[in-house]
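Here are some quick notes to read with the structure open.

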Amino acid sequence: MADATTVSGPISGTDRTLSFETGKLAGQADGAVVGRIGDTMVLVTATAARNAREGADFFPLTVDIEERMYAAGKIPGSFFRREGRATDQAILTCRLIDRPLRPSFPAGFRNEVHVVGTIFGADQENPHDVLAINCASAALMLSGIPFDGPIGAVRLAWSTEGTWIPHATYQEGDASCFELVVAGRALTEEPGSEIAIMMVEAGGTEDSWKFYEAGAPKVTEEVLADGLEAAKTWIRESIELQRALVVEAGARPAIAVELFADYADDVLARVEAAGGKALAEANTIIAKTQRNDAIDQATRSVVEELAPEFEGREREIKAAVRALTKKIVRRRIVDEGIRIDGRGTTDIRPLSAEVDLIPTAHGSGLFQRGETQVLNVTTLGMPRMNQMLDTIGTEDSKRYMHHYNFPPFSTGETGFMRGPKRREIGHGLLAERALLPVVPPSDEFPYTLRLVSDVLSSNGSTSMASVCGSTLSLMDAGVPIKAPVAGIAMGLVFDGGKYVTLTDILGAEDAFGDMDFKVAGTSEAVTALQLDTKIDGLPADVLAQALHQARQARLQILEVMAGAVAYTSGLGRQPVMCEPTA
């Protein structure tokens, strides 16, 4: 058996250490690292195909998390007594790993890459998800796969005393008001280099409002900005430890790969000459369907005109059309401050809210922002209806559940509907996290709550529309929530050294922009946050501006929602309530 190479270092501000080991396990993977904090152990492997996937025009990265029940000394439930499909927590961890990794591979890389995390030990104190992000980065650094790392990650908990606790345990998280997971990378290889924030996932805890009512400091936009800055210390520690592992163990020889260009420069120049004007005009159409039809028509015209000149290169022409469309949209935003649908950078699309739509439901709410429309329904049940959890974590049941559905017709498309996909599970958990802090505790409201968000029409930020719809249906059901919650999606375009922050982004602005920043909260505090960037970090003033714009938008949305509930109440309708039974 091969000898292991191990590096470890203290976690500042704690009595624990972070360690990485390689060389002993999973020797046929391109990279394999065992990470450990306390007695929580994770093996993460990274493997790449030696040839590009034929016909692929995207980077085929797959991340899987294998939760082994033996890690927590448990035997799986059910008749089979073995692990089945991935749990919601495992899927959320996969997404946490994927989001900072994906933009760290070179453009044009088309080889399949598979990252697999297997949870060997779960000590019921130290969560494994952030550890898995760090191990995935370390495995890729050793693998020879082209990767612009390392990437470090940390979980911070906002204590009731108003301090950030690094690498918070389950118990520290439960006793805190808010938890923040941050991933980033160093801008240079120099020690102490500035850290670029790449991904944030955050939310309040179940007891947040109880702590706030007892006098704990609330998580405001300023507190969040300080937390993101503080996270850089522990991200840097992980990065330096990964670099030490590479020095000690040595990375494998670089894998020979071919990087594919989506289009040649001469194709882009001809596309701009042939279709630039038509594409510019198409991208001023406000309605999504009509705009897409106009873009499709312009694309067909360009393909027909250039096909004889670039025979057999139709895919290249279409890729150039998309690149030109992106350039047109971004240039108009930066130079003129005008967006695709004619709005200014801080404008919100028309809003509408309605409750009491479904007579047989305990509570229902319809929220619409522009062309994004979500119906949310609340169902109340007895405590025996709590969801039982069979996981390696510390929770064994769940009282508040949020399920999110995204059918193909919501974007005017056809498709298969065979159960929730990873994106649907992730969006549902984000909306659940946003509302959880304001749901009354069981001793005040002894009911199980299941909320379902059905996306009926989508053009950007359906997850935040689900948050707004949840508040409406909860209030319609008579649930005494601590405060209404609304959500908004922010975007960013960085071009020519200029940062432009966008409020309430469209789907196209998400695709063509440089940031997707979702913020949910009440009028006084932030309850959930999700941030992904495609650029090397955000300056503090830009982040502060985005948070400020998000709060102003949130207050406008809350006002519209309050008006809808007040209007319905004025009609003399009574919320449906299920009666407690013995």
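**Notes on salt bridges and burial**

1. Let's start with Arg99: its relative accessibility is 15%, so Arg99 counts as buried (buried is under 20% relative accessible area, exposed over 50%, partly exposed in between, with a 1.4 Å probe and protein chains only). Before going on, note that this is a predicted model: local features need pLDDT of at least 70, side-chain atom pairs count only at pLDDT 80 or more, and totals for chains, interfaces and linings use all residues. Residues are numbered from 1 along each chain as its sequence is written, and side-chain values use heavy atoms, with hydrogens and water left out.

2. Arg99 has a salt-bridge partner in Glu201, with 2.6 Å between the closest N and O atoms (a salt bridge is a side-chain nitrogen of Lys or Arg within 4 Å of a carboxyl oxygen of Asp or Glu). The two are 102 residues apart, with Glu201 in strand E10 and Arg99 in helix H1 (helices, H or I, of at least four residues and strands, E, of at least two are DSSP runs numbered from the N terminus). Glu201 is at 5% relative accessibility, so it counts as buried.

3. Have a look at Asp514 and Arg330 too: they form a salt bridge, closest N and O atoms 3.0 Å apart. Asp514 is in the loop between helix H11 and strand E20 and Arg330 in helix H8, so the pair ties together parts 184 residues apart in sequence. Both Asp514 and Arg330 are buried.

4. There's also a salt-bridge network linking Asp341, Arg343, Arg349, Arg369 and Asp504. The structure holds 32 salt bridges.
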